Amino acid sequence: MTTIYFVRHGEYKNPDNIVPWRLPRFSLSEKGIENIKRNAEYFRNKNIEVIYSSPVLRARQSAKILAKILNKKIIISSLISEVYTPLQNKHISYEEFNKKKTYPFLNDFHIKKKGESIDEIFLRIDQLVKKVLKKHKGKNIIFVSHGDPIMIYILRKKGIEISGKLEDFQNNNYIPKAGMIKLDFNKSELINIKTLNY
């Protein structure tokens, strides 16, 4: 059996309360650091082989904390990066974002400017999962990623439809910052999904 642990990055500093997506300079807060350290304690006896991380700063910092405590190597992969959307350049506040009640996938500007689709996000994550299942057969692996990409992958694997409305995610146990989900595979077949700390 091969196990992949999806870990969402820790809480980050965001004084202007904007949706960061792939914008730079959103570093972990003290709370975020402490929560990821707690995650590392959970993994101490899990015989982790390697840690894969999104290239976005808050994910890389989370992965570095895990790697230091667990003494493991980090592999950076854009396949588990945050959602790409041209909306990030508009510096949208969470208040404005939540009023729209949709994720960027249904936004005309996002679509016209070639922002990622739900299908594209799922497929790139699935590409890394398949690669890892071949490369690290029978091992335990950590993926440090972001809320939306993790949820898109998990909901699709559960067979849950995602339209892009906020409720698609909010009504389906959305992973919190520093949240962890365990996926067990028998060869290439997903046999179990379990939330671990929320």
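What follows is a short chat about helix packing and nonpolar cores in this predicted model.

Trainee: Are H1 and H2 parallel, antiparallel, perpendicular or oblique to each other?

Mentor: Start with the axes: H1 (residues 30-43) and H2 (residues 57-70) come within 9 Å and cross at roughly 40 degrees. Angles under 35 degrees would count as roughly parallel, and roughly perpendicular begins at 65. So H1 is oblique to H2.

Trainee: And which hand does the crossing of H1 and H2 have?

Mentor: When H1 passes H2, the crossing is right-handed.
The H1 side of the contact includes Ile33, Ile36 and Phe43, while Ile65, Leu66 and Ile69 are among the H2 residues. To come back to what you asked, the hand is right-handed.

Trainee: Now the largest nonpolar core. Which element gives the most residues to it?

Mentor: That core has 38 residues, and Phe6, Val129 and Tyr153 are among those touching the most other members. Elements giving two or more residues include strand E1 (2-8), strand E4 (140-145) and helix H5 (118-135). With 8 residues, the top contributor is H5.

Trainee: How many residues are in the second, separate core?

Mentor: Its members include Phe43, Ala59, Ala63 and Met180.

Notes: Residues are numbered from 1 along each chain as its sequence is written. This is a predicted model: local features need pLDDT of at least 70, side-chain atom pairs count only at pLDDT 80 or more; totals for chains, interfaces and linings use all residues. Side-chain values use heavy atoms; hydrogens and water are left out. Axes are lines fitted to C-alpha atoms, for helices over the stretch in contact, and angles run from 0 to 180 degrees between N-to-C directions. Helices (H or I, at least four residues) and strands (E, at least two) are DSSP runs, numbered from the N terminus. Angles under 35 degrees count as roughly parallel, over 145 as roughly antiparallel, 65 to 115 as roughly perpendicular and the rest as oblique. A crossing is left-handed if the near helix is turned anticlockwise from the far one by less than a right angle, and right-handed if clockwise. Contact means heavy atoms within 4.5 Å. A nonpolar core is a set of buried Ala, Val, Leu, Ile, Met, Phe, Trp, Tyr and Cys residues joined through side-chain atoms within 4.5 Å. Buried means under 20% relative accessible area, exposed over 50%, partly exposed in between (1.4 Å probe, protein chains only).
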